Amino acid sequence: MKKILVPAMLALLLFTAGCDKTPPEELPAPPPTKPVQKTPEVKPDNPPEVKPEAPASTPEPSTKPAEKKPVANEKKEQSMNVKVYYPDDSGMRLVEVEREIIVDESTDKYTAALETLMDDPDEENLTKIFPKNAEIRGVTVKDGLATVDFDGNISKGFVGGSTGEEFLIGSIVDTLTNFPEVKRVKFLVDGKEIETLSGHMDLSTPLERMNLTE
């Protein structure tokens, strides 16, 4: 009988203890949270165009323009005015006129001046005295002496007398001695010394200015 009562009393005590236990107070519920409103994304009407950066250019080395080299056969021309002497058409005297000549690397001023005497003068009262086809082979000036070398046509083509020979030689001498550095003139034909041009004047020695203008 006692064995039956003991378990029954233990069960009763457990039941009573469970009924006396006060349940824990319930914590107040947290206030409801408001939903977070998202700000609408504002897009610009015309977004700026982003250009890709150009790659840094490597500076080109500075080069100087190529210097112009003088051409070997390029001739430097220079014009100048000289005084030359033509016989007048009456055969009485020489007349001084001014002419413009062109000097370059192939023609010196002395040769250019004498070549002018080979052309027909523009003036009506003057005449050419040089023989046809006569050519100047060269003119050299040294220590006041001008040496003029003509080809053979200077003597072969000459048809004048003593007066014509005097005016021909005089026009050459006075034209060359008009350059201040020339004091005397010596004549050659084909590179050789001559005694006379046509038998009237002595050309074996150099001649000074003849002054046949009066």
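I began with the aromatic cluster, and found that Phe130, Phe150 and Phe187 form one. The model is predicted, with pLDDT of at least 70 needed for local features and 80 or more for side-chain atom pairs, while totals for chains, interfaces and linings use all residues. Residues are numbered from 1 along each chain as its sequence is written, and side-chain values use heavy atoms, without hydrogens and water.

Next I looked up the aromatic pairs (rings of Phe, Tyr and Trp, the last by its six-membered ring, with centres within 6.5 Å; planes under 30 degrees apart are stacked, over 60 edge-to-face, the rest tilted), and the structure holds three of them. The rings of Tyr110 and Phe179 have centres 5.1 Å apart and planes at 75°, so I noted this pair as edge-to-face. Tyr110 lies in helix α2 and Phe179 in the loop between α4 and β5, 69 residues apart; helices (H or I, at least four residues) and strands (E, at least two) are DSSP runs numbered from the N terminus. Both Tyr110 and Phe179 are buried, that is, under 20% relative accessible area, where exposed is over 50% and partly exposed is in between (1.4 Å probe, protein chains only).

I then turned to Phe130 and Phe150, whose ring centres are 6.0 Å apart with planes at 45°, so the pair is tilted. Phe130 sits in the loop between α2 and β3, and Phe150 in strand β4, 20 residues apart. I found Phe130 buried at a relative accessible area of 5%, and Phe150 buried at 1%.

Last, I checked Arg99, which is in strand β2 (residues 94-103) and is buried, with a relative accessible area of 14%.
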